[in-house]
Every structure is written in structure tokens, then in C-alpha cells.
Amino acid sequence: MSLSNGVKAIFFDLDGTLRHSVPTGGQVFTEYVTSLGLHVNHDDHIRAIRWEHLYWASSADLSNDILAHTFDTEKFWTEYSRRRLIALGVPPVQAAELAPKVSYHMGEVYKPESVIPDEVRQMLSELKQAGYLMAVLSNRDKPFQDVLVSHGISDFFSFSLAGGEVDSYKPGPGLFNHALNRAHLAPNEAIYVGDNYFADVVGSRRAGLRPVLYDPEIVFPDADCTTIRSFNELISILNVL
């Protein structure tokens, strides 16, 4: 593999892209809701995931919930559960009734394993050997270099950058601009790979990067960008970006 089409750097999202929670919160949430007697089909499941992506992409709802429940984490997650129940198709009144119970269940039983898939490690190794500069950009509030170290992937990256470090969060362009300046690159020399269309694709485009959407569950079937379902595909598409 060689550097192609002027691409010198590949920036990655962290959570849900390189690092995965197994099982996902959405899976456990839906399983519990189903155990309560509510019917959830595949379309409901995908719709809720799409809502979740939108919510965490610095949405107005997220900002309002943080402002309203700054000092009450329990109420924040109860409200989050209410919103997600509605996204699953639960009527609003019933969602409000169930939200405290669902939120409590998630807090008590959801203890996921943090995993870097083998295909991610293989991909990073191949890209590193090919000479690409790589970095990780995340909407986390605090630096997360320790996460990369603990998962054994820190050596693949020239740097990592959290939105909270530069007071700019995806889908705003600021986080990407800081990364480009740090890498001494023009926007068209970098691509950004992430799993959230609303944060990763929209944000990287605003900064002039070339977006690649990682979408293994086909949450965004109509996405207007290059899309991959596995990281094995990323290697093969670099020559045509």
C-alpha cells in the first residue's frame, strides 16, 4: 500500500469506531425493554440507534439536559431513558412511566467490556507501515491518551485530541482544525473515520476533510459519503478516495 490521492493522514473517532463497548448499551437497553413486555422490531432498534447518534452529536436536547440536570446525574439518565424509549416507539406517557425503572436497571447491570477488535489492530498496523500519519479525535471532555495506552494502540498514533481540550466539539469544525494545524496539513490531505454521521461526517466536512462513515449495522443506509461496514474495507478504498 502507498500514499494515494494526496491523503497523508487518517484521523479516527474513538468510541464506537476504534473502541467498542461489548455489549453495547443499546443492546442491553432493548433487551430489558423487551423483557418488560414491549415489542421492539429491527426498525425500532435502528431508529433508536440513529436517535442516539443524533443526541450525542452535541444536540440541543443534550445541551438542555446537561443544563437542567447538571447536579443530578440520576435525573439526567432518567431523562435520557425517556427519550430513548420514545425513539424505540414507546408512547410518551408510557415512556415517562418506565424511564426511572429502565434507567435504574442500566445503572445496576450495564458493565460492558472495552474492546479493540482484531480487525482494527490489523488495519492500524497496515496503515502505519504504509506511512500514514494517524491521530484520534474524540468528543470526550478530557484527554484520553491513557485509554489508548491501556488498550495497546497508542504507538499507532502521532497524537490524540479531546473536544474538551480545545473547547470545540463535533460536529463543529474546531476540533478538526486544531488537529490539522497540529499535523501541519491542509484539509484535503486528511480523511476522518467515524461511526456517527451527525457528528463525524457533518463535522469533518465542515472542516474540509474527506469523511468515511463506519456503519456496520447500516444505521445510515442513505448516507451521502463513503461508507464501510468493516475496517478491512478501509484499506481497499484508500486508493479511490
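Predicted model: local features only at pLDDT ≥ 70, side-chain atom pairs only at ≥ 80, totals over all residues.

Student: Fine. How many aromatic pairs does the structure hold?

Tutor: There are 16 aromatic pairs. One of them joins Tyr55 and Trp56.

Student: What are the distance and the angle for Tyr55 and Trp56?

Tutor: The centres are 5.1 Å apart and the planes make an angle of 85 degrees. That makes the pair edge-to-face, because the angle is over 60.

Student: Is Tyr55 buried or exposed? And what about Trp56?

Tutor: Tyr55 is buried, at 1% relative accessible area. Trp56 is partly exposed, at 33%.

Student: Which residues do ring pairs link into a cluster?

Tutor: The cluster holds Trp51, Tyr55, Trp56, Phe76, Trp77 and Tyr80.

Student: What sits over the ring of Phe29?

Tutor: The charged end of Arg84 does, 4.9 Å from the ring centre.

Student: Charges, then. How many salt bridges are there?

Tutor: The structure has 12 salt bridges. One of them pairs Arg83 with Asp65, at 2.9 Å from N to O.

Student: Where do Arg83 and Asp65 lie in the chain?

Tutor: Arg83 is in helix H4, residues 73-87. Asp65 is in helix H3, residues 60-68. They are 18 residues apart, and the pair links distant parts of the chain.

Student: Are Arg83 and Asp65 buried or exposed?

Tutor: Arg83 has a relative accessible area of 18%, so it counts as buried, the cut-off being under 20%. Asp65 is buried too, at 4%.

Student: Which residue forms a salt bridge with Arg82?

Tutor: Glu79 does, with the closest N and O atoms 2.6 Å apart.

Student: How far apart are Arg82 and Glu79 in helix H4?

Tutor: They are 3 residues apart, so about one helical turn separates them. An α-helix has 3.6 residues a turn, so residues three or four places apart point the same way.

Student: And their exposure: buried or partly exposed?

Tutor: Arg82 is partly exposed at 23%. Glu79 is buried at 16%.

Student: Which residues are linked in a network of salt bridges?

Tutor: Asp61, Asp65, Glu79, Arg82 and Arg83.

Student: New topic. What does Asp200 form a salt bridge with?

Tutor: Asp200 bridges to Lys170, with the closest N and O atoms 2.8 Å apart. Asp200 lies in helix H10 (residues 197-206), and Lys170 in the loop between helix H8 (163-166) and helix H9 (174-183). The pair therefore ties together parts that are 30 residues apart in sequence.

Student: Are those two buried or exposed?

Tutor: Asp200 is buried, at 2% relative accessibility. Lys170 is buried as well, also at 2%.

Student: Which residues of H10 are buried?

Tutor: Tyr197, Ala199, Asp200, Val201, Gly203 and Ser204.

Student: What covers them?

Tutor: The cover includes H9, strand E6 (190-194) and strand E7 (210-214).

Student: What happens at the start of H10?

Tutor: A side-chain oxygen of Asn196 comes within 3.0 Å of the backbone nitrogen of Phe198.

Student: And which residue follows H10?

Tutor: Gly208 follows, and its phi is positive, near 90 degrees.

Conventions
Residues numbered from 1 in each chain as written. Heavy atoms only, no water. Salt bridge = Lys/Arg side-chain N within 4 Å of Asp/Glu carboxyl O. Helix = DSSP H or I, 4+ residues; strand = E, 2+ residues; numbered from the N terminus. Buried < 20%, exposed > 50% of the residue type's maximum accessible area, 1.4 Å probe, protein only. Contact = heavy atoms within 4.5 Å. Polar contact = N/O pair within 3.5 Å; in protein donor to acceptor, adjacent residues only side chain to side chain. Phe/Tyr/Trp six-rings, centres within 6.5 Å; stacked < 30°, edge-to-face > 60°. Lys NZ or Arg CZ within 6 Å of the ring centre and 35° of its normal.
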